[in-house]
Amino acid sequence: MPDALARFRWLAAPPGAADNPLGDVFCVSFFHGLEPAEVAARIDPAGAPVGSMTLGELDDAVTEFIEGTDGGYGGGHVGVTRIGEWSVMVELCGWHTTLGENLARLSQGCEAVAVGRHDYAEHSFLYAVDGEIVTAFTPHASVNRRGSDPDRLKEPMRRVGLPLTATAGKAAWDVRWDDALPKAFALAARITGVTLAADSFAGPLLVASVTEWSQV
């Protein structure tokens, strides 16, 4: 039987794997109705985009930032590109858009999705519309949803295999851990129409600093 999650498994590949350029801690966010420059302006309203970088250059900037801090502030930079009708932002070594208050601010006047991988804490999925977190959950425990309308995404969640209710006799988190993150990105793809590939961020990225999040 074909693997329905095959296109998304690279996002859960071990750090250092040839098919995983993003590492073991990252966040990818999708914004409908905003251009990359608008996303960058919302990330750092008081500043200006750092400029255009490749993913490798962004990784170097993130490494330099982390070496100058204690690592508790994330990577200090984000890269934004356009894919289809959505602006897509990647935060290497960071998790800030998976914090509800940040995504709520960034989603004012638009639709947004954020998926975070954090191998040393927990993965995250959030869906927001016009400043409101509609549905949010931890992918390996998708039966525990929160937000203004936790069941808004029930049908696409069902289609990608994310459990909606606890199974009798099993814990609420009883879903294959290795499948949880690929399923979260498959859900994001159903919402946005954007199926991320390992080379999705290979082109020039508009880079912004995340100084406003530095104390989060």
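Select helix H1, residues 36-43: H1 lies across strand E1 (25-32), E3, E4 and strand E8 (205-209), and its direction is about 15° to that of E8. Contact here means heavy atoms within 4.5 Å. Axes are lines fitted to C-alpha atoms, for helices over the stretch in contact, with angles from 0 to 180 degrees between N-to-C directions. Helices (H or I, at least four residues) and strands (E, at least two) are DSSP runs, numbered from the N terminus.

The model is predicted, so local features need pLDDT of at least 70 and side-chain atom pairs count only at pLDDT 80 or more, while totals for chains, interfaces and linings use all residues. Residues are numbered from 1 along each chain as its sequence is written, and side-chain values use heavy atoms, without hydrogens and water.

Next, select helix H2, residues 55-67. H2 lies across E2, E3, E4 and E8, at about 160° to E3.

Now show the strands. Eight of them form an open antiparallel sheet, ordered E2-E8-E3-E4-E1-E5-E6-E7; two strands pair if DSSP finds at least two bridges between them. Strand E2 (51-53) and strand E7 (132-137) are the edges, each pairing on one side only. On average, neighbouring strands are turned by 25° against each other, direction ignored.

Zoom in on E3 (residues 77-83) and E4 (residues 86-92), antiparallel strands joined by five bridges. Gly-79 stands opposite Val-90 in E4.

The whole structure has zero disulfides, a disulfide being a pair of cysteine sulfur atoms within 2.5 Å.
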